[in-house]
Structure formats: structure tokens, C-alpha cells
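Subject: Handover of a structure, with findings

Dear colleague,

Please find the structure below, together with its sequence.

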Amino acid sequence: MMSVRAINGCFIIRTATTGCAPPVSLFRHRIQRLRSSHLREFSKSGLGFPLLRQNTGGGDAPSCSACIHSLVESVSQELESVSRRKRSRISVRASVKVKLTSYGEVVEDKLVNQELEAGLLLEFKKDPERVLLAVTHRPDGKKNWMVFDQNGVSSSIKPQQITYIVPGLYNFNHTELTDFLQRAQDNLDTQLLEFAWMELLEKNKPVTPEELAEIIYGRSDPLESYCAHFLLSKDEIYFSVLESKGSRSIYSPRRTEQVEELLRRQRVKEAEEREFEEFIQLLKSAKNAPSHTKPPKSSWLANDKVRENIDSLKAYAIDAWASIDQRKVAGVILKSMGLQKTAVSALNLLIDIGYFPVHVNLDLLKLNLPTDHSDAVVEAAEILLSESSDLDAARRIDLTHLKVYAIDVDEADELDDALSATRLQDGRIKIWIHVADPARYVTPGSKVDREARRRGTSVFLPTATYPMFPEKLAMEGMSLRQGETCNAVSVSVVLRSDGSIAEYSVENSIIRPTYMLTYESAAELLHMNLQEEVELRLLSEAAFLRSQWRHEQGAVDTTTLETRIKVVNPEDPEPLINLYVENQADPAMRLVFEMMILCGEVIATFGSQHNIPLPYRGQPQSNIDVSAFAHLPEGPVRSASIVKVMRAAEMNFRCPVRHGVLGIPGYVQFTSPIRRYMDLTAHYQIKAFLRGGDNFPFSAGELEGIAASVNMQNRVVRKLCNSGLRYWVIEFLRRQQKGKKYTALILRFVKDRIASLLLVEVGFQATAWVSEGKQVGDEVEVRVEEAHPRDDLILLKEVL
């Protein structure tokens with residue numbers, strides 16, 4: 001199959017043959033020496049070609065001699081035109097040098113650069129992405145030149161910036177740049193390169209822009225030479241730069257196999273560009289759609305390429321891109337959307353298209369904490385729930401006759417602990433702290449255990465809970481459930497009248513929780529002092545005795561206000577925010593707090609007595625003189641000042657360490673094994689001893705290694721929980737009525753009159769300027785001037 005194309009008076013014949021360059025005789029024949037454009041020029045000058053005219057029948061045909069005379073005259077003018085063009089081309093070369101090319105030919109040196117002078121038309125590199133045409137105006141120093149570019153801007157350029165000097169043009173007027181550009185644009189056709197490539201490939205011949213102009217345009221005038229240069233400089237398929245010097249370059253035709261590969265890559269690139277443009281249109285459509293009609297999140301994950309683009313934007317939004325390429329992709333997307341290349345732009349775009357909710361937790365994404373459990377872990381958990389046997393069944397004591405109180409926040413998903421109490425005949429109080437028994441199901445080193453260790457702790461956020469164990473196993477197997485028979489590890493304690501420990505035991509047990517109480521309902525029952533709830537009153541009495549005894553041992557009171565938030569429908573733009581302020585001095589909270597400390601002391605004492613490696617926790621007091629803070633009001637103000645001078649906690653895995661702040665000789669966290677992995681390790685160790693041996697799952701050294709990784713993870717989670725709580729408190733304050741007043745306690749002065757304040761109504765700390773005369777512990781009234789949760793910004797102003 002063969003196609004024929006006429007290019008400026010030259011016919012090029014192409015065949016469908018591939019794999020080699022067709023011979024020149026098959027695809028290019030000059031059938032005219034005079035171009036059609038020349039004929040038009042002659043026609044405009046009043047010169048014609050009688051021999052080429054047809055006789056239309058309106059008169060006699062011209063004589064033969066007249067035709068010959070006319071033809072000779074026309075050819076003479078054409079020869080004169082060619083002569084002028086040759087002189088123009090010669091003027092481009094400042095000098096002619098001879099050298100031997102890599103093709104073995106002795107030729108003129110085609111890389112000699114033209115000397116710069118005023119009035120030259122040249123192309124220069126404005127920046128890495130742009131080249132402009134300009135006219136030289138005057139020198140600027142020894143080497144630089146002032147130029148007027150195509151945009152009408154005057155600037156100084158270096159010789160290194162010049163990419164091409166248009167030959168044959170002198171004293172060019174910069175006002176004609178626009179016209180020159182337009183004519184060049186009209187003259188560009190990238191297909192011309194393909195035809196020239198086939199001819200030059202067969203001859204195995206390099207080419208300059210001017211020589212290429214002769215091939216594809218039939219002339220090398222300034223306009224055609226520039227067009228040829230432009231095509232070559234932008235070409236990535238057919239030609240490569242063979243040699244270059246200054247603004248002069250020689251190009252070589254690529255081999256056929258190279259061109260075929262580059263064309264294949266070009267097709268792939270074009271397909272990717274079409275796919276990318278479709279993605280951009282999808283983004284724009286979703287961005288402009290009403291909130292209730294935006295595409296669901298799942299729709300952005302169905303296509304691999306779309307998902308990769310979305311992942312790039314997500315990574316950009318949290319400054320966590322996995323590679324430079326991912327960062328570049330996000331940058332191109334933002335630029336295509338007309339947005340700045342910033343993390344905020346990427347975040348807002350993902351919110352605008354409906355992929356992220358308005359209140360997306362960026363810290364959760366940045367920290368990359370595990371949320372859902374893998375299918376393998378869930379499957380392993382379900383097997384444990386249905387098939388595992390209780391190794392301690394024969395050794396469990398039956399405590400189902402006891403009235404059992406489980407007290408926790410109202411939205412607690414799993415319950416780790418519960419309490420019982422009775423008065424002995426001698427008047428002493430006996431207490432049971434019942435702790436859930438997850439080690440009934442999970443063994444050290446199992447798949448479920450390894451996942452729990454990796455997580456370290458359950459994550460409790462205002463918007464969601466991410467449990468340490470798979471939910472079904474935690475809720476249906478491990479958790480204490482009201483009215484149901486549950487496995488537990490029960491710590492019993494008999495208190496002396498001064499609150500110290502007289503007797504204790506640690507046993508596997510069976511219990512049946514009687515009440516599931518919130519702190520509010522427990523406090524209400526205590527206040528009502530009901531005769532039928534004598535056990536609850538005994539627990540409260542025991543808590544009071546314990547508190548007194550600990551303070552006699554040097555315990556430091558650090559009770560304060562604590563904020564708890566639960567967000568309903570967090571995916572909504574304006575979700576419901578339930579905010580609770582809990583006073584740690586509240587009787588019900590104090591009751592539970594004291595019983596948990598009592599349990600920790602007993603486990604530490606039990607472990608020390610039997611040489612059990614455990615995660616013992618201690619905290620030196622640093623010789624805190626509590627009397628130095630006696631002038632401050634009790635509660636949050638005094639606690640805040642004391643906490644500032646307290647030393648960090650310490651751990652020992654062989655023997656107890658005194659916990660001076662709690663006022664006890666040793667302490668082990670034991671009461672939250674479903675939520676905290678280090679509590680679970682204590683259960684593993686204690687239960688191994690209760691089974692009658694000293695073959696503990698972990699040595700002291702192994703516990704230390706586990707604690708190092710788990711505590712590191714816990715710090716990350718704590719940071720996440722604190723930032724999440726702060727975000728939603730600020731969002732809560734943002735929604736309140738403008739000008740609303742809040743009572744605040746001055747905790748301390750940060751600098752000059754800038755004070756750290758505790759907003760009593762919301763349990764939230766922030767800073768603000770306070771007036772002269774105010775002291776630590778004073779109350780002030782403030783109002784919220786600005787609140788921007790995404791920027792972690794809250795501005796308070798004192799109401800005077």
C-alpha cells in the first residue's frame with residue numbers, strides 16, 4: 001500500500017513497509033524546481049508563466065517565442081532569488097571551518113556561532129519550562145545583552161540562555177515579533193519530520209535546522225529555518241542532538257527500532273494523559289456536586305489508577321508521600337485543578353469531592369495507626385471464641401453469690417473490672433476487685449496476642465473506638481456482661497480500720513455482674529444512701545479509708561477536671577457533640593480510682609512475695625513539699641502546680657518500686673487487660689503462677705523489651721487522643737453563641753500577663769492575657785474571640 005503527499009511542491013511517496021527505511025526513490029521526488037509559493041510571489045509582482053496557463057478559448061494562444069522569452073525571464077528572476085538566499089545564508093557564518101565528521105566526511109564546521117549584534121532575532125530560555133523569541137537591543141556589560149521578548153518585556157540575558165539565532169535577519173523590528181510568530185505557527189507540521197527522517201535515515205546523514213528547512217520546505221529562509229529549528233528542538237521521536245555548541249546544534253536521525261519504541265511510549269503517554277484528564281474532570285464534577293449527590297468514597301477506590309491518584313492526594317495532605325513520583329502526581333493534580341501545591345489544598349480538595357468528611361482526623365492518618373483488624377486475626381479470634389477450652393476451670397472459685405457493681409463511662413464498649421464488698425463479723429471490710437480474664441482465650445505468642453502487642457492499647461477517640469482485640473472476641477468472650485456468668489481474676493482484700501491491707505488473695509473466679517452503672521448513676525445511688533445498696537456504701541467507705549491511708553504515706557493529690565467528648569455521626573458536616581466534664585474528686589470516680597490503686601498494690605505485693613517478673617511501676621516524689629502549694633486552692637489549680645514538678649514514672653520488671661505519688665510500696669497495672677497490653681502480660685504471669693508453677697511466659701528481660709515497644713506505641717496513641725479531644729473541644733466552642741462568657745481558673749503565668757487558664761465549663765486549658773492584679777488561683781471571665789479546630793487555634797479574651 002502506498003500513499004502520496006505533496007509538501008510545498010515536493011511529492012513524497014510512502015510505503016507501508018516497516019522495520020527499515022524505504023529507499024528515497026520510493027518516497028520523495030522533486031517534480032518542480034520552482035515552488036508554488038514562488039509562483040504566487042511572481043504572480044503578485046505582475047509576472048506570469050504563460051507556458052503554464054491553459055487556453056480557455058477566449059483568444060489566440062501565445063507564440064512559442066513569447067512563451068520561451070517569458071520562461072527565461074522567470075527563471076532568471078528565480079535564479080537571482082536563489083542567489084540572494086545563498087548570500088543570506090553565507091552571512092550567518094562568521095567564518096568557515098573544515099572538520100572531519102563522525103560520518104567520515106570533510107565538511108564545513110556547522111557549529112560556528114554568529115556574533116551578537118543589535119537587531120538579531122533569537123530564541124532564548126526564559127526558565128526551565130519556557131523559551132521565548134526576542135530581538136537584541138544593546139549589550140549589557142561584557143557578555144550579556146538587553147532584549148525585547150515576544151511579550152513586550154525588556155530583560156538582560158546571558159549568552160548561555162540563547163538557544164537559536166534566526167539566520168539572515170538583521171535590524172529586525174521587535175514590533176514584528178507577533179506577526180513572525182503567527183506565520184511560524186501556521187508553518188509548523190510535525191508530520192514533516194517523519195518524512196525528512198526517512199530520507200535522512202537512508203542516507204545516514206546528520207542535519208542542521210537550515211538543511212532540514214531545505215528538505216521539508218524547499219528553502220532555508222529565516223522563517224523556514226526557525227520553523228525547522230523549532231520542530232527539531234521539540235522533537236522527541238525522530239531526531240537526537242548529535243553535537244551542540246552555543247546556540248548551534250546538529251541533529252542525527254534515530255535508528256528505526258528506536259523510533260518504533262519511542263512511538264510506542266508516546267502512545268502509552270497519550271493514553272495516560274487522556275486517562276488523567278478524565279480523572280480531573282471527575283474531580284471537578286464531584287467538587288461542584290451538592291453534598292448529598294457526591295460520589296461515595298468506595299467509587300474512588302474501584303479503579304486502580306483513580307485510587308493511586310487519590311492516594312497521592314492523601315499523602316500530600318498529610319505530608320507523608322511515599323516517593324517523589326507520588327508527590328509530583330499530587331502536585332500536577334492540584335495545578336490542573338487551579339489550586340496551590342499545599343497540604344491544605346489537597347485536604348480541602350478531598351473534602352470537597354466527598355472523599356474525606358469535613359472533620360477528618362488527619363493525625364490518625366499521619367500516624368498510620370491500625371484501625372480495623374485483618375481477616376486472618378478476626379478468623380483466629382472467632383476460632384478462639386468457639387473452640388478454646390478453659391485451662392483454669394477446675395481452679396475457679398464460684399463468686400456468683402456476690403453483688404457485683406461494674407462502674408464505667410456510659411459509652412464503654414467492653415468492661416474490664418467490677419467491684420464487690422461485704423462487712424466481716426469483726427467489722428472489717430472485705431473487698432473484691434474482679435478483673436476480666438482475656439488470658440482464658442489468648443495465649444502468649446498466638447496470632448491474636450501478637451496483634452494485641454503490636455497495637456499496645458485500645459484507642460478511644462471522640463469519633464470512634466479501635467479496640468486492641470477483635471470486637472466480637474472482646475465483647476462476647478472477654479468482657480464482663482451484666483446478668484451473665486463470666487470468667488474473671490478476682491483480687492480480694494481485707495482492710496484494717498486505718499485503710500491498710502490486712503489480708504489478700506488472687507484467684508481465678510466465676511462472677512455474675514449485677515449492675516452496670518455509669519459514674520453519674522453510681523454517684524446518685526451513693527447520694528440516695530439506699531439501704532438495699534449497702535455494698536455500694538461499703539465500697540465508698542473503703543475508698544475513703546484507702547485515700548486517708550495513702551495520704552498518710554505521702555501520696556500527692558492531683559485530682560482535676562477531665563473532659564470527655566462523644567461525637568454522634570462524625571461523618572456529617574455538623575455532627576452532634578456531647579461534651580462531659582468529669583471532676584475526678586466526684587465520689588463515684590474517687591471510689592473506682594481507689595479500688596484500682598488497691599488492686600495494683602496487691603498484685604505488686606503478690607508478685608514480690610512469689611518472685612514473679614511483672615511490669616512494676618513506680619514514681620519517685622522528688623521530695624515534693626506539698627505544704628509549699630498549700631496557699632493554692634485545692635483541686636485543679638493546686639494539682640496543676642504539683643504535676644509541673646513531678647518526676648516521670650519508672651519501671652522495674654524484677655521487684656516492686658515505691659510509687660511515692662500514690663503513696664504505696666509497689667504498683668502493677670492489672671485492671672484493664674482488654675484495653676492495655678502490659679496489663680495482659682501481668683495476667684499471663686500471674687495465671688501461670690496460679691496454675692502451680694514458676695514457668696512464666698516471660699522473663700524480666702523479655703518483659704522489659706515488650707514494655708519498650710508497647711510504651712512507645714502508647715505515647716503515639718496518647719498524642720492522638722489528646723489532639724482529637726482538643727480538636728472537638730475547639731469545634732464545640734466554635735459553635736457556641738458569639739460573646740458567650742466562660743469561667744476560667746488561672747493555673748499559672750506563662751509570660752508577663754499571659755496566663756494558662758482552665759475553662760471550668762468545658763475542662764479545657766488555653767492561654768490568654770489577664771489584667772493586672774490577677775493571681776494564680778483567681779477566677780476570671782473570658783469569651784472566645786476565634787476558634788479554628790483545623791488550625792488548632794483558640795483565642796480567648798478576658799471580659800473586664
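Predicted model: local features only at pLDDT ≥ 70, side-chain atom pairs only at ≥ 80, totals over all residues.

The expected span of a helix is 1.5 Å times one less than its number of residues. Helix α18 covers residues 587-609, and at 1.5 Å a residue its 23 residues should span 33 Å; the C-alpha atoms at its ends lie 33 Å apart, so expectation and model agree.

Helix α18 and what follows

Most of α18 is covered, with 18 of its 23 residues buried. At its N-terminal end the helix is capped by Asp 586, which places a side-chain oxygen 3.1 Å from the backbone nitrogen of Ala 588. Just after the helix comes Asn 611, in the loop between α18 and β24. Asn 611 is not a glycine, yet its phi is positive, at about 55°. Asn 611 is also exposed, with a relative accessible area of 63%.

Strand β24 (residues 616-618) is joined to β25 by three bridges, and the two run antiparallel. Within this pair, Tyr 616 has Asn 652 of β25 as its bridge partner.

Strand β6 (residues 121-127) pairs with strand β7 (residues 130-140) in the antiparallel sense, over six bridges. Lys 125 has Val 131 in β7 as its bridge partner. β6 also pairs with strand β10 (residues 162-165), again in the antiparallel sense, over three bridges. There, the bridge partner of Glu 123 is Tyr 164 in β10.

The loop between β10 and α4 (177-187) holds Asn 171. Phi of Asn 171 is near 55°, a positive value in a residue other than glycine. How buried or exposed is Asn 171? Asn 171 has a relative accessible area of 66%, and exposed means over 50%, so this residue counts as exposed.

Packing of α8 and α10

Two packed helices are described by the angle between their axes and the distance between the axes. For helix α8 (residues 256-288) and helix α10 (residues 324-336), the angle is about 60° and the axes are 10 Å apart. That angle makes α8 oblique to α10. The crossing in which α8 passes α10 is right-handed.

The five-stranded sheet

Five strands form a further open sheet, in the order β29-β28-β27-β30-β31, and the pairing is antiparallel. At its edges stand β29 (764-769) and β31 (793-798), each with a single partner strand, so one side of each is left without a neighbour in the sheet. From one strand to the next, the twist averages 50°. One of the pairs joins strand β27 (residues 741-751) to strand β30 (residues 779-788) in the antiparallel sense, over five bridges. In that pair, Lys 741 stands opposite Arg 783 in β30.

With kind regards

How values were computed:
Residues numbered from 1 in each chain as written. Heavy atoms only, no water. Pairing = 2+ DSSP bridges. Helix = DSSP H or I, 4+ residues; strand = E, 2+ residues; numbered from the N terminus. Buried < 20%, exposed > 50% of the residue type's maximum accessible area, 1.4 Å probe, protein only. Polar contact = N/O pair within 3.5 Å; in protein donor to acceptor, adjacent residues only side chain to side chain. Axes fitted to C-alpha atoms, helices over the stretch in contact; angles between N-to-C directions. Parallel < 35°, antiparallel > 145°, perpendicular 65-115°, else oblique. Left-handed = near helix turned anticlockwise from the far one by under 90°.
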